[in-house]
Amino acid sequence: MHQKEFIQLVTPFKDKVFRLAKRLLISTEEAEDATQEVMVKLWNKNDNLDAYTSLEAFAMTTTKNYCLDQLKSKRASNLQLVHSNYEDKQVGLLQKIEDTDSLSWVEKIINELPEQQKLIVQMRDVEQYEFEEIAKMLNMNETAIRVALSRARKTIRETMQKTHSYGIE
């Protein structure tokens, strides 16, 4: 496979790889490094890429595994999960402040979720993957994905309701 063919093959999902890495590794630089590492791994396997039914799913799984390895390593011990994909620049200042506050609460709640639920929320609600694709990437049953996502959303919703209704009753 030539370089141009490879670039055309990976370009459609390269940004998704970066966003997943950024979600798992708070640092933009670390996320860029992770994306580069995944692309190098794909390039090294370029003769065998046709063997994968979904190259995107393989790349996302590779990214997830690489990032989790980085989080476990000593040099990444100070990294944490962050969610900063949502930002609306078209709203007024008050709404923007409220949105930022709500987003920071949601980020905090997501950070407290179990690792598996964090990944599922990221893949389904942020990256918009289908349940079937998430199940393949995480080697899980689709029903288990739905249950974990439901539990994560319920935790987020209940915690946000407690936060916003504090002192009202």
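**Helix 7 and its asparagine cap**

The protein chain has an accessible surface of about 10,700 Å² (Shrake-Rupley method, 1.4 Å probe), and carbon and sulfur atoms hold 48% of that surface. Keep in mind that this is a predicted model, where local features need pLDDT of at least 70 and side-chain atom pairs count only at pLDDT 80 or more, while totals for chains, interfaces and linings use all residues. Residues are numbered from 1 along each chain as its sequence is written, and side-chain values use heavy atoms, with hydrogens and water left out.

**The chain overall**
- You get 7 helices and 0 strands here (DSSP runs numbered from the N terminus: H or I of at least four residues for helices, E of at least two for strands).
- Of the 169 residues, 37% are buried (under 20% relative accessible area, 1.4 Å probe, protein chains only).
- Take the contacts (heavy atoms within 4.5 Å) with a separation of 6 or more: 68% come from residues 24 or more positions apart.

**Helix 7**
- Residues 142-164 form this 23-residue helix, which reaches 33 Å from first to last C-alpha, close to the expected 33 Å (1.5 Å times one less than the number of residues).
- Its buried residues are Ile145, Ala148, Leu149, Ala152, Ile156 and Met160.
- Those buried residues pack against helix 4 (93-112), helix 5 (115-126) and helix 6 (131-138).

**The cap**
- Asparagine 141 sits in the loop between helix 6 and helix 7.
- A side-chain oxygen of asparagine 141 lies 2.7 Å from the backbone nitrogen of threonine 143, capping the N-terminal end of helix 7.
- Asparagine 141 is 10 residues from phenylalanine 131 in sequence and 9.1 Å away in space, C-alpha to C-alpha.

Terms used
Buried < 20%, exposed > 50% of the residue type's maximum accessible area, 1.4 Å probe, protein only. Polar contact = N/O pair within 3.5 Å; in protein donor to acceptor, adjacent residues only side chain to side chain.
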